[in-house]
Amino acid sequence: MKNPALRTAFTIAACVTLLAGCSGAQEQGGAGSSPPKLEPLSAVGDGEGQLNLIAWAGYAEDGSNSKDVDWVTPFEQQTGCQVNVKIGNTSDEMVQLMRSGQYDGVSASGDATLRLVYAGDVAPVNTSLVPNYDTISSFLKDQPWNSVDGQMYGIPHGWGANLLMYNVNVVRDAPSSWAAVFDDAAKYKGKVTAYDSPIYIADAALYLSKTQPDLGITDPYSLTTEQLDAATELLKKQRENIGEYWSDYTKEVQAFESGTSVIGTSWQVIANTIGADNKVQVNTVVPKEGSTGWSDTWMVSSKAAHPNCMYKWMNWITSPEINAKVAEYFGEAPAQTKACEHTTEKDFCDIYRATDADFAEQIHYWTTPQTKCVDGSGDDCTAYSEWVDKWQQIKG
């Protein structure tokens, strides 16, 4: 990464430790259930003068971390909406904060979005009121993690894949399968790393869908009790070879640079950061089984006190120039297709495969598990709260 401040600026995580009450709506989405009937905004009027956001650190920079990194101040100057940002360190924390009704919007990952939708914490979005929505990558629109029954519940912001990363000087066989961290993990016992979140169960489920087809897994987020148990058992076996789990990506950088980790799940930004330091040579790959990943969505609170400012923000943050700034600073693919014309690093979008629909097709984006299967296959799937219980069993 060219921006060293990024390494310590923020923590990106999906929570392992639950905050009180954060699972309250996780059972939503059961058989026959639907989100509460809420109407989207019909027109954008004058801003209300204020905007209260919950965001991943790095998504709403105002120059306080670096005077050269500021896209909030120009927004405030143009709209009169003074922005107040509460950093959400985990998806579960963001869900809990949104329940308070004190915020206008949130940059939610797919392991939070449906919880917010089914609990009635966020409102459907009128995409016609966000002009920049038209040129957002089509493969990020109308997806299971950001829409219900054809209704969008947010505006896509940025995305990325969960990759297999390895130290090329230690792992010499250039693995092309997730078997390297599951069935073959004992080869690197104590130096395997994995993402620290219940949503990581989907990685095991994806692997099992290819290696044990008799289980009948068709979607890694739509698991029956039997399928969830199978993924749990695989992860319990993996646990014997794990050196450490990570949620703060800077910790994985340190682990690979120190040699305490040599193979595991990663993000492209982590590989880039390690490569920039020239301490360790790593490689990343989307294994043959495919990959999980994330697509973050700006969502509007159903209790928003400043909805006009929120809509103005969603259009601003997905404008080509601003979306490019955020993507480069954060280390992800921009959702806005025209952002690639404005990146400082000219090959940035090539590195992150930003407009590569074929690459995006390989990714199974984080989607909150529901009892009503998110792939539409039935009403006998396991809910996120059950995944949380299993994850606690896995880690012991």
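A salt bridge, as I use the term here, is a side-chain nitrogen of Lys or Arg within 4 Å of a carboxyl oxygen of Asp or Glu. The structure holds 11 of these salt bridges.

Some ground rules. This is a predicted model, where local features need pLDDT of at least 70, side-chain atom pairs count only at pLDDT 80 or more, and totals for chains, interfaces and linings use all residues. Residues are numbered from 1 along each chain as its sequence is written, and side-chain values use heavy atoms, with hydrogens and water left out.

I start with Lys-251 and Asp-248, whose closest N and O atoms are 3.3 Å apart in a salt bridge. Asp-248 is buried, at 15% relative accessibility, while Lys-251 is partly exposed, at 43%. Buried means under 20% relative accessible area, exposed over 50%, and partly exposed in between, with a 1.4 Å probe and protein chains only.

Next, Glu-257 and Lys-279 form a salt bridge, with 4.0 Å between the closest N and O atoms. Glu-257 lies in helix α7 (residues 249–258) and Lys-279 in the loop between α8 (268–277) and β12 (282–285), so this pair ties together parts 22 residues apart in sequence. Helices (H or I, at least four residues) and strands (E, at least two) are DSSP runs, numbered from the N terminus. Lys-279 is exposed, at 60% relative accessibility.

Then Asp-356 and Arg-353, whose side chains meet in a salt bridge at 3.1 Å, N to O. Both are partly exposed: Asp-356 at 24% relative accessibility, and Arg-353 at 34%.
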